[in-house]
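Dear colleague,

Please find the structure below, for your records and further reading.

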Amino acid sequence: MDDGRAQIIERGVLTAPDETWDMAVRRTEVIGRLAAEPRVGLAAADAAADELGISRRQVYVLLGRWRAGEGVVSDLLPGRSSGGRRLGRVPTAVETVMAEVIRSRYLTRQRRSVAAVYREVVRRCRTGGLPVPARSTLARRIEALDPVAAATAREGVEGARRLRSAGGDPPSIDGLLQQVQIDHTPVDVEVVDERHRLPIGRPYVTAAIDVASRCVVGLVVTLEAPSALSVGLCLAHTVCDKRPWLERLGLQAVVWPMSGKPHEIHVDNAVEFHSEALRRGCVQHGVTLAYRPKGMPHFGGVIERLIGTMMQMVHELPGTTFSSAAERGSYDSQASAVLTVAELNRWLALAVAAYHGQVHATLGQTPAGRWAEGVAAGGRPATVTGETAFLIDFLPVIRRTLRRTGFTIDHVQYYSDALKPWIARRDRLEKFVLRRDPRDLSRIWVLDPDGHAYLPVPYRTLARPPISVWEQRAAIARLRRDGRAQVDENALFAMVEQMRQITENAAATTRRARRDAERRLATPAPRPDAPAPPPPPSLPAEEGADDEPVQPFEVIEQW
């Protein structure tokens, strides 16, 4: 596992223009299919050339780049120095006119023809003194529209039904990681802080399950509410080898080999699943992002059942809140709470390992056995070795102008000597693309102006302590309430320190303060040199125990 200090290459995930990116995605579909063949003959190359509108020679060039690359979309992006055909041929103003006319004239229930829409584009371009695009250019923009969305806009929901699966049945899933369903929920158990062992509330769990094998492939427990970051963390847990994570939990004997890059992730329509970072990150790594059709909850039935079963299991833990107040009755969840977040993680890992070894009623075999069969038939799924590099593609995106003092984000300055060459020519540079981990604001990742690599840039004042975005926002809000019209960095960190001191003083008596302290102490990201936590006293050792109250179920419901 990497330590996050090296440069992270960016090859167009955010910097490529939409038209260029769409072209690379289309090339990936065709060239990726050809690359799976041991030999590509002239007939297959000619067919691909016709499909992509390029020459046979270009097909073989792209095929070589794909096989020499990493199997991601950016492998087939045009060279950045190229200014020839297909790059920048249509001015931005003309693209804007076409997009507006398509939206207002084509995507309507009046169902105007392409010819009628093109006449309107010609009229608007001539009125605005803009060059008139070819009709084929407009036709390509229309062809690139999502078929279901376009049919819905022009013909209504019933008109688009022919483009959906018959009868609303979910498609058949056979291969490993062909579809991975992801969702999150509050955990029905109160957890305690590490220091005082007093209750701090309910955490959240984000889980991922492979539909074909019913194996749990990703699991993240946090004190933060579900967000785009939760999804990115769960994906990183899915695609990376889980052995280092298990070692940090003190579970070296637990076997959890179910990891790899999914072909498709299936999610509901929550806001966190629609972020720019998630969408582009999925496309960059060849992961299809599919949304559950509205009104069809059975499309997410596998993950819903997983989460429901997990909550039923949790109901036997001390400190459970059960599913409702009526079910909880007079049981005092807070007084009975004994597990920390780390111990809950450990217990869930043991429970998942036990589940993988039990016969699944739907499969007729164990999930681990089905996974092993899939690996034997199709090979072990590709995993990601650079967890930090992978996670960066899913972190929130910020755009800022570079100044002499570096970057300023929410009153905090960031600077590194690596910025000096860009500061000298900052007047000629556009806004930089920045990414930051909301759990640790002590550094940001800056994409260089050429779009080649991300560079880590720390606080300008290195003595500042790491803080999280929720601490920062709370400090700014408190300064505003105190009448501070202008917020500067010194005042911000002084307020954070004051809030932390208040939290420390109140931690023994205030549940909210203990939760805030635990969120602050949570490790932002896996580190190779992080010491493994000691085995929690409330859990059995790997060999088992007789009287411990927190043990995985002997019989686990099918997920």
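**Aromatic pairs and a helix contact**

Trp245 and Trp256 are both buried (under 20% relative accessible area with a 1.4 Å probe, protein chains only; exposed is over 50%, partly exposed in between). The model is predicted, so local features need pLDDT of at least 70 and side-chain atom pairs pLDDT 80 or more, while totals for chains, interfaces and linings use all residues. Residues are numbered from 1 along each chain as its sequence is written, and side-chain values use heavy atoms, without hydrogens and water.

In the whole structure, 7 aromatic pairs are found (rings of Phe, Tyr and Trp, the latter by its six-membered ring, with centres within 6.5 Å; planes under 30 degrees apart are stacked, over 60 edge-to-face, the rest tilted). Trp245 and Trp256 form an edge-to-face pair, with 5.7 Å between centres and 70° between planes. Trp245 belongs to helix α9 (residues 243-248) and Trp256 to the loop between α9 and β7 (264-267), so their pair ties together parts 11 residues apart in sequence. Helices (H or I, at least four residues) and strands (E, at least two) are DSSP runs, numbered from the N terminus.

The ring centres of Tyr459 and Phe493 are 5.5 Å apart and the planes lie at 85°, so this pair is edge-to-face. Both Tyr459 and Phe493 are buried. Ring pairs also join Phe407, Trp422 and Phe432 into a cluster.

Asp18, Trp21 and Val25 of α1 meet Arg280, Val283 and Gln284 of α10 (heavy atoms within 4.5 Å).

With kind regards
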